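Please look over the sequence and the model before reading on.

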Amino acid sequence: VLVAAAGVVLYARFHHGPLRVTGVVISRQAPARCGTVVTGQIATNGSPGIVSYRWVFTPGSQPGQRLEQSVAAGQHGVQVTVAVQGAGPGSATQQVTLQVLAPGRDAASAAVTVRC
């Protein structure tokens, strides 16, 4: 009975299902010199794997390149950042979107004002 119980405990502790993204939020905006640093939080189910994502800026440029972030077993989220740079004097507002591309799809957006 003890061996079976130990087996169940070890299986539950070390066996993880596939990685799933459980949520995405833009969690912080911090002003920087002629720009803003945007932080996003990608929540996961705690299984190990790789999350693929990209940043999208509207209006403006094409979607950003595909990026990847490793997730360790037991880690229930990762933070990702992007710097939004201004161009010239004044201020401008952009919509910044964090898109999760895999596993699954999810997204979060926030309006970001950049002042120079």
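The sections below cover the disulfide, the strand pairings and a few individual residues.

## Basis of the report

The structure is a predicted model. Residue numbers run from 1 along the chain, as its sequence is written.

## The disulfide

The model has one disulfide. The bond joins Cys-34 to Cys-116, with an S to S distance of 1.8 Å. Cys-34 is in the loop between strand E1 (21–32) and strand E2 (35–44). Cys-116 is in the segment after strand E7 (106–115), so the pair ties together parts that are 82 residues apart in sequence.

The torsion about the S-S bond of Cys-34 and Cys-116 is about 75°, so the disulfide is right-handed. Cys-34 has a relative accessibility of 26% and counts as partly exposed. Cys-116, at 41% relative accessibility, counts as partly exposed.

Strands of a sheet pair through backbone hydrogen bonds, and the pairing is either parallel or antiparallel. Here three strands make an open sheet in the order E1-E2-E5, with antiparallel pairing. The edges are held by E1 and strand E5 (77–85). Each of these two has a single partner strand, so one side of each is left without a neighbour in the sheet. From one strand to the next, the twist averages 20°.

E1 and E2 pair in the antiparallel sense over 10 bridges. As one example of a bridge, Gly-23 has Ala-43 in E2 as its partner.

## Thr-36 in strand E2

Thr-36 is part of strand E2. Its relative accessibility is 5%, so Thr-36 counts as buried, buried being under 20%.

Which residues surround Thr-36, apart from those up to four places away in sequence? Thr-36 touches Gln-29, Ala-30 and Pro-31, then Val-82, Ala-83 and Val-84, and also Val-112, Thr-113 and Val-114. With Thr-113 there is also a polar approach: a polar atom of the Thr-36 side chain lies 3.4 Å from the backbone oxygen of Thr-113.

Ser-47 sits in the loop between E2 and strand E3 (49–58). Is Ser-47 buried or exposed? Its relative accessible area is 4%, so Ser-47 is buried. The side chain of Ser-47 reaches the backbone oxygen of Gly-17 at 2.7 Å.

## Strand E3 and its partners

E3 pairs with E4 in the antiparallel sense over five bridges. In one of these, Ser-52 has Glu-68 in E4 as its bridge partner. E3 is also joined to strand E6 (residues 91–102) by seven bridges, and these two strands run antiparallel. Here Tyr-53 has Val-100 in E6 as its bridge partner.

## Leu-67 in strand E4

Leu-67 belongs to strand E4 (residues 67–71). With 27% relative accessibility, Leu-67 counts as partly exposed. Leaving aside neighbours within four places in sequence, Leu-67 is in contact with Val-51, Ser-52, Tyr-53 and Trp-55. Leu-67 and Val-51 are 16 residues apart along the chain, and their C-alpha atoms are separated by 8.3 Å.

Conventions:
This is a predicted model: local features need pLDDT of at least 70, side-chain atom pairs count only at pLDDT 80 or more; totals for chains, interfaces and linings use all residues. Side-chain values use heavy atoms; hydrogens and water are left out. A disulfide is a pair of cysteine sulfur atoms within 2.5 Å. Helices (H or I, at least four residues) and strands (E, at least two) are DSSP runs, numbered from the N terminus. Buried means under 20% relative accessible area, exposed over 50%, partly exposed in between (1.4 Å probe, protein chains only). Two strands pair if DSSP finds at least two bridges between them. Axes are lines fitted to C-alpha atoms, for helices over the stretch in contact, and angles run from 0 to 180 degrees between N-to-C directions. A polar contact is a pair of N or O atoms within 3.5 Å; within protein, one must be able to donate a hydrogen and the other to accept it, and residues adjacent in sequence count only if both atoms are side-chain atoms. Contact means heavy atoms within 4.5 Å.
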